[in-house]
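Subject: Structure for you to look at

Hello,

Here is the structure I promised to pass on. Please open it first, then read my notes below with the view beside you.

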Number of protein chains: 2
Amino acid sequence: MADGRLARGERTRTAVLDAAVSMASVDGLEAMSLARLAHATEVSKSGLFAHWPDKEALQLAVIARAVHIWTAHVVTPAFAEPRGVRRLWALHERRIEFYASGVLSGGCFFVATQAEFDDRPGPVRDALAAAINDWLFLIKAVAAQAVELGELRPDADVEQVAFEIEAHGHAVVTFSRLLHAEGAAAYGRTAVLERLRSLSPVPGLLPAS
Amino acid sequence: MADGRLARGERTRTAVLDAAVSMASVDGLEAMSLARLAHATEVSKSGLFAHWPDKEALQLAVIARAVHIWTAHVVTPAFAEPRGVRRLWALHERRIEFYASGVLSGGCFFVATQAEFDDRPGPVRDALAAAINDWLFLIKAVAAQAVELGELRPDADVEQVAFEIEAHGHAVVTFSRLLHAEGAAAYGRTAVLERLRSLSPVPGLLPAS
């Protein structure tokens, strides 16, 4: 009985955080509140308060859940590809597919919150920066493996490659949200694909276009 | 006498809007208010109210001023370069220099406000989208001229080039603000320079690195 209640509590907690990540992908984290979240998820405010006693605790839990969703949809499937340039490309391609899938109503939690917190020191900013740095570190590590395997040129600058991949992934969101630019996903895809093909001695490992 | 008063009024209005653009580059446009602005500029709230009767009128005036600042610091100097690939490169290089100059305390007004309004229909969102679309249109027009002049390959896709230049310019801000990434400006510079050199039959018109 107690176990069943714990499991139910955990499911509710996860469902509430999923809703919160999606809301924050639209409105950001500053507009997040227990009251709005209670209203949206039909869970009592006091029930939520037991989990997250203040706004900052809630914001930090939402960031952790956003990282979990990103990992499940982008990182884990990309790591099903063989290490090297195919895995590097898969990180970008899965990201664009994740945006297109509409899992989050605002497109991307991290794009929505990055500019919001870049000038506000504190634990929330630190958690966001750590999550994005982890993602960049992953891109660099996978790119470095591709260099070691001879699938990217030995002189490829993996820091530069990570900057460019992140820039194009981010731009897919900003272009398609604010500008309703048709084809944003296609531009973001082509930019990275052409770049990786130009840096790879074995471009045949990558799609032709 | 009346003329002097008008000129003084105009100078005050401009100074207030300059302060507002800088504040919005840190906190966004939603946090903007006549009260905060009056406090920051030491102009009376009733004096400001005479110019901008409501928050939306103020937000629209701030966007127009941000476009003016961008044009003065980025577009006008770039247009001093000969048309073609040098002018295209100058648009990006002046942008990175503008960020480095610290004119705006948050780095970039448009990066700070883009994600804030992408999901909020209305005149403010429309004005932001129009300003960013004008900028993209300019990049495309200058790139198309470079194609016509034979300074970019005839098969260069100017829409794709504009997406990539904008993505890298935007990323210089997001990387240097949230991640304190040293060298963000250098990565953003290298990404576009290498891309334009690879697309140009006359790469000698561009800096070597």
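Start with the order of the elements. From the N terminus on, chain A runs α-α-α-α-α-α-α-α-α. That is nine helices and zero strands. Please keep in mind that this is a predicted model.

**Chain A as a whole**

Chain A has 209 residues, and 43% of them count as buried. Its C-alpha atoms fill a box of roughly 60 × 40 × 30 Å, taken along the principal axes. Now look at the contacts in chain A with a separation of 6 or more. Residues 24 or more positions apart account for 62% of them.

**How the two chains are related**

Two copies of a chain are related by a rotation about an axis and a shift along it. What are the rotation and the shift that superpose chain B on chain A? The rotation is 180 degrees, and the shift along its axis is 0.0 Å. The RMSD of that superposition is 0.0 Å. The two copies are therefore related as by a two-fold rotation axis. To find the axis in your viewer, go to B:Ala167. Of the residues of chain B, B:Ala167 comes closest to the rotation axis, with its C-alpha at 2.7 Å.

**Where the chains meet**

How many residues of chain B are in contact with chain A? There are 29, and they touch 29 residues of chain A. Four helices of chain B each give two or more residues to this side: H6 (109–117), H7 (123–148), H8 (158–178) and H9 (184–199). The largest share comes from H8(B), with 13 residues. By class, this side of chain B has 15 nonpolar, eight polar and six charged residues.

Which surface does each copy use? Of the interface residues of chain B, 100% are also interface residues in chain A, so the copies meet through the same surface.

**Two helix pairs**

Two packed helices are described by the angle between their axes and the distance between the axes. I picked one pair from each chain.

Take chain B to begin with. Helix H4 (residues 55–78) packs on H7(B) at an angle of about 15 degrees. Their axes are 9 Å apart. The angle is under 35 degrees, so H4(B) is roughly parallel to H7(B). The crossing of H4(B) and H7(B) is right-handed. H4(B) makes the contact with B:Glu56, B:Gln59, B:Leu60, B:Ile63, B:Val67 and B:Val75. H7(B) answers with B:Pro123, B:Val124, B:Ala127, B:Leu128, B:Ala131 and B:Leu138. This contact has 10 nonpolar residues, one polar and one charged.

Now turn to chain A. The axes of helix H5 (residues 85–101) and helix H7 (residues 123–148) come within 8 Å. They cross at roughly 155 degrees. Is this pair roughly parallel or roughly antiparallel? The angle is over 145 degrees, so H5(A) is roughly antiparallel to H7(A). H5(A) passes H7(A) in a left-handed crossing. On H5(A), the contact uses A:Val85, A:Arg87, A:Leu88 and A:Leu91. On H7(A), it uses A:Ile139, A:Val142, A:Ala143 and A:Ala146. By class, that contact has seven nonpolar residues, no polar ones and one charged.

**A buried leucine**

B:Leu48 lies in helix H3 (residues 45–51) of chain B. Is B:Leu48 buried or exposed? It has 21 other C-beta atoms within 10 Å. The cut-off for buried is 20 or more, so B:Leu48 is buried. Leave aside its neighbours within four places in sequence. B:Leu48 is then in contact with B:Val16, B:Leu34, B:Leu37, B:Ala38 and B:Val43. B:Leu58 is 10 residues along the chain from B:Leu48, and their C-alpha atoms are separated by 9.1 Å.

**A glutamate with a positive phi**

Last, look at A:Glu42. It sits in the loop between helix H2 (34–41) and helix H3 (45–51) of chain A. A:Glu42 is not a glycine, yet its phi is positive, at about 60 degrees. A:Glu42 has 8 C-beta neighbours inside 10 Å. The cut-off for exposed is 12 or fewer, so A:Glu42 counts as exposed.

Chain B has its own Glu42 to compare. B:Glu42 lies in the loop between helix H2 (34–41) and H3 of chain B. B:Glu42 also has a positive phi of about 60 degrees. With 8 C-beta neighbours inside 10 Å, B:Glu42 counts as exposed.

Best wishes

Notes
Residues are numbered from 1 along each chain as its sequence is written. Chains are lettered from A and ligands numbered from 1 in the order in which they are written. This is a predicted model: local features need pLDDT of at least 70, side-chain atom pairs count only at pLDDT 80 or more; totals for chains, interfaces and linings use all residues. Two residues are in contact if their C-beta atoms, placed from the backbone, lie within 7 Å. Ala, Val, Leu, Ile, Met, Phe, Trp, Tyr, Cys and Pro count as nonpolar, Asp, Glu, Lys and Arg as charged, and the others, Gly among them, as polar. Copies are superposed by least squares on the C-alpha atoms of residues with pLDDT of at least 70 in both. Axes are lines fitted to C-alpha atoms, for helices over the stretch in contact, and angles run from 0 to 180 degrees between N-to-C directions. Angles under 35 degrees count as roughly parallel, over 145 as roughly antiparallel, 65 to 115 as roughly perpendicular and the rest as oblique. A crossing is left-handed if the near helix is turned anticlockwise from the far one by less than a right angle, and right-handed if clockwise.
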